[in-house]
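Subject: Structure handover

Hello,

Here is the structure I said I would pass on. My notes on what was found in it follow below.

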Amino acid sequence: MNRTPSSAASAREHGDAVQGAGPDSSTLSNGLKQRHLSMIALGGVIGAGLFVGSRAGIAAAGPSIVLAYAVSGALVMLIMRMLGEMAAANPASGSFSVHAERSIGSWAGFTVGWMFTALLCVAVAAEALGAADVMHQWFPGTQPWVWVLLFMLLFTGSNLTAVSNFGEFEFWFAALKVAAIGLFLILGLLAIFGVLPGTHAPGTSHLTGDGGFLPKGVDGLMVGLLASVFAYGGLETVTIAAAESEDPVRGVARAVRTAMWRIALFYVGSMAVIVTVIPWSAPSIAKSGPYVAVLDYLKIPAAGQIMNVVILIALLSAVNANLYGASRMAYSLISRGQGPAFLGKVSGGVPRRSVLLCSAFGFLAVLFSFLWPTTVFQWLLNMVGAAVLVVWGFIAAAQLRMRRRLEREAPEKLVVKMWAFPVLTWVALAGIVAVLLLMVRDENQRIQLLFTGGFGVVLAVIGLIRQRLLARDAGPAGP
């Protein structure tokens, strides 16, 4: 029996709404508990980008890095609110890929879905390499590739088993990260107010001295803004995980509603503590990193090793979460007919073939990093360098269209609503365009933008061709 494109899309939407049936008629499990989802949402904000990437942002922007993180954080909050609105209305393992397909067309879901999958797979390799570097510092007699292999096997194994294992790993990883950043903020505040023994209240001397709040002018602020934007990448995974939770709607709603204070506390708050406690130009920031520099200044014993442990946890958490997110996005695409069907089999509530596909891609990227670090691996990094902006753009475009349809057809599904719709949605789109223009101005970022743009165009062309072929094969609706 022939189907019209619209009826086929409707069937796919229904399948994904119940977490999609694989070829063996099994479905994804609902093994994530509310405590897992809450901690994934909380810990997902504290990534390696915060601990590692903030060094470059502070060097570029000085004290104004606080403003940079606040502005980019506001943009991310708008994106998460839009995504939360759609995810709460229609929980799906493919998250924004499913929403883009429903609102814009199958080509859009194909493009954003496979781009995000590629982004996470390359990130798995990069984070595993970073974790291996930390281990190599502790055990210099070992080879980094041994640690990479160990970490990849560990998290591939955990993702091949029940989803609750992934949830437990992330729960404890997130708990440790939250405890570490919370302790850092408490110590920093005590030092700022001169309460911590051996310290005196610095006041605003470090914020206004040494070149002022904008020591490198607006250009420095713009560079810091770019650095801060990409530190927020990965927050989207919580809406993917929500589809495998006990109560997806409530879980997504809670995660999104707490996004504002999480971003303000962990990112903006820690940047404010760093540039208030010590001078932004302190050599120790460039040498050891901003968090270690502050802890050393406060005379915390073994500060460097403490932060290395926290960074290792953040990197391992990212490997685990990225592998999970990539496999679930790949599974969703495959279950909707946008990938090889044999990879969509689900057994024991887990899309194991999709997990193995994403793990294999990650392993391959790691090999490229050892064999061709400045060519093939760098090309991969460049191809996904601006992918998060592409994802955010599709989220905003999909939300603009889906919100109108929900208001007409199912207003009761609007459990989470985008603020001041559609004004703030358009503000978010303008913010994404502004970040892209800033990337054009920066030579290094421009290369990433060109590679990512080329990759996106290739995916979009393939998606459009597929969409037209499916429409042609379906033909006119039967009687």
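**Contacts and overall form**

In this predicted model, 80% of the protein's contacts with a separation of 6 or more are between residues 24 or more positions apart; a contact means heavy atoms within 4.5 Å. Residues are numbered from 1 along each chain as its sequence is written, and side-chain values use heavy atoms, with hydrogens and water left out. Local features need pLDDT of at least 70 and side-chain atom pairs count only at pLDDT 80 or more, while totals for chains, interfaces and linings use all residues.

The protein has 22 helices and 0 strands. Both are DSSP runs numbered from the N terminus: helices are H or I with at least four residues, strands are E with at least two. The radius of gyration is 22 Å, close to the 23 Å that the globule rule gives for 479 residues, so the protein is as compact as a globular protein of that length. That radius is taken over C-alpha atoms, and the globule rule is 2.2 Å times the number of residues to the power 0.38. The C-alpha trace spans about 85 × 55 × 40 Å along its principal axes.

**Surface and charge**

Of the 479 residues, 54% count as buried (buried is under 20% relative accessible area, exposed over 50%, partly exposed in between, with a 1.4 Å probe and protein chains only). The protein exposes about 19,400 Å², and carbon and sulfur atoms supply 69% of that area; accessible areas come from the Shrake-Rupley method with a 1.4 Å probe, and for residues only the protein chains shown count as cover.

There are 32 positive and 22 negative side chains, and the centres of the two sets lie 3 Å apart. Lys and Arg count as positive, Asp and Glu as negative, and His and the chain ends are not counted. Each charge is placed at NZ of Lys, CZ of Arg, CG of Asp or CD of Glu.

**Cysteines**

The structure holds 0 disulfides, a disulfide being a pair of cysteine sulfur atoms within 2.5 Å. For Cys121, the nearest cysteine sulfur is that of Cys358, 4.0 Å away, and Cys121 is in no disulfide. Cys358 is likewise in no disulfide. Cys121 counts as buried at 4% relative accessibility, and Cys358 counts as buried at 1%.

**Helix 19**

Helix 19 covers residues 376-383, and Phe377, Leu380 and Asn382 are buried in it. Its buried residues pack against helix 7 (106-138), helix 18 (352-371) and helix 22 (443-474).

**Loops**

Most residues other than glycine have a negative phi, and most peptide bonds are trans. Some places here depart from that pattern.

The loop between helix 20 (387-409) and helix 21 (423-441) holds Pro422. A cis peptide bond joins Phe421 and Pro422, with omega about 0°. Ala420 is in that loop between helix 20 and helix 21 too; Ala420 has a positive phi of about 45° although it is not a glycine, and it is partly exposed, at 49% relative accessible area.

Lys299 lies in the loop between helix 16 (290-297) and helix 17 (303-335). Lys299 has a positive phi of about 60°, again without being a glycine, and counts as exposed at 68% relative accessibility.

Gly198 sits in the loop between helix 9 (163-192) and helix 10 (205-208). Gly198 is exposed, with a relative accessible area of 80%. The C-alpha atoms of Gly198 and Leu298 are separated by 7.8 Å, although the two are 100 residues apart along the chain.

Regards
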